Amino acid sequence: MNLITSFSSKKLKNSAHKLFHEELLENLKASDAVMQKLGSMVTVYESALVEEDRYHKLAHKSLYTEKIAESCKVCSTLYVMMKSQVGFRLKMTADEEELTAAKRLDYFLKMYAPLKGRSYINRLSLFKSLSDDILTTYKEDAVLLGISDMAEELKKISTTTSSYATIRMAEKMSIPNGALKSARNTVDSSYKNLVLAINGLMAMSTDKTEFQTVIDFFNAQIRRYSLSELNSMAGKEETPATDSPNGSDSTGSGNAGSDSGTSGDGGSSDSGSGSGSNDGGSGSGSSDSGSGSGSNDSGSGSGSSDSGNGSGSSDSGSGSGTDDDSPFHP
């Protein structure tokens with residue numbers, strides 16, 4: 001009898017988690033058998049997804065995010081234009097007064113270079129300070145070199161963009177602490193209840209094809225997301241890894257640095273034919289063949305990234321985060 005495979009979507013990142021459940025919900029709503037017998041549970045599932053989607057959008061991006069990004073690009077363009085104008089006058093002018101003004105402003109603009117690696121808050125602050133100083137301290141130089149209008153526009157745009165940043169920050173602060181995580185947990189719970197209900201009805205039903213389409217779709221999605229998002233090995237439930245008496249992993253095969261059968265183990269690791277500092281059934285190098293202790297034992301080792309039961313600094317496939325914005329995008 002074909003049932004829905006056990007799967008925990010908690011390990012999926014936020015975007016993948018939302019998409020995974022939205023695709024399943026769409027399939028459930030298209031099934032007459034499911035909606036007839038489990039319609040109320042599907043409604044609860046859908047409501048939980050709506051809540052997750054709301055917090056996911058607030059935490060990820062908004063209209064003001066795009067406005068801020070666009071304004072920062074315009075500010076950068078204005079800065080480059082002013083720098084080019086000053087540089088041109090510095091090289092081409094024969095007037096001593098213009099040359100002195102160009103040297104002062106050229107040095108000043110280089111000091112205020114808004115590097116792309118900085119956050120948008122830092123960049124906006126630099127643009128605003130730069131324009132203020134040009135229009136006050138270097139006002140006469142700016143007029144003489146023809147960049148005062150650009151400085152005025154830079155000040156206007158950077159000030160407006162700062163107000164966008166304030167609104168965007170208020171949007172993010174409006175999200176209750178742990179709201180997205182709580183919404184995800186509610187979706188996961190609703191999903192689990194639906195899987196148990198469908199499997200139970202399938203087991204008791206005399207018509208074994210009643211939920212078959214839904215079950216096949218669920219299993220296909222689980223397999224796809226396991227492979228693409230969690231990097232799980234296909235079919236590892238059917239062919240579980242077995243340990244040899246000497247402690248080497250019989251399913252392991254290959255090079256130092258990775259265990260075949262797991263999602264990837266950083267550092268040196270055990271394999272069936274390991275070499276160097278690894279343990280293996282036929283190890284060579286500094287490890288003891290048969291019962292050697294390598295720099296990282298498969299299954300319980302600790303490495304910088306451990307896919308077994310080890311305690312590493314990061315677990316492969318666990319990636320549940322907020323996948324929020326880049327330093328440039330708030």
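Let's start where helix H3 passes helix H7 in a left-handed crossing (the near helix is turned anticlockwise from the far one by less than a right angle; clockwise would be right-handed). This is a predicted model, in which local features need pLDDT of at least 70, side-chain atom pairs count only at pLDDT 80 or more, and totals for chains, interfaces and linings use all residues. Residues are numbered from 1 along each chain as its sequence is written, and side-chain values use heavy atoms, leaving out hydrogens and water.

H3 covers residues 63-92 and H7 residues 148-173; their axes come within 9 Å and cross at roughly 155°. H3 and H7 are therefore roughly antiparallel to each other (angles over 145 degrees). Helices here are DSSP runs (H or I, at least four residues), numbered from the N terminus, and axes are lines fitted to C-alpha atoms over the stretch in contact, with angles from 0 to 180 degrees between N-to-C directions.

Now look at H1 (residues 14-29) and H9 (residues 212-228), which pack at about 165° with axes 10 Å apart. Their crossing is right-handed. Among the residues that meet here are Phe20 and Leu28 of H1 and Phe218 of H9 (contact means heavy atoms within 4.5 Å).

Those three residues lead us to the largest nonpolar core, of 29 residues, where they are among those with the most contacts. Such a core is a set of buried Ala, Val, Leu, Ile, Met, Phe, Trp, Tyr and Cys residues joined through side-chain atoms within 4.5 Å, buried being under 20% relative accessible area with a 1.4 Å probe, protein chains only. H1, H2 (32-60), H8 (179-204) and H9 each give two or more residues to this core.

Note on methods: Buried means under 20% relative accessible area, exposed over 50%, partly exposed in between (1.4 Å probe, protein chains only). Angles under 35 degrees count as roughly parallel, over 145 as roughly antiparallel, 65 to 115 as roughly perpendicular and the rest as oblique.
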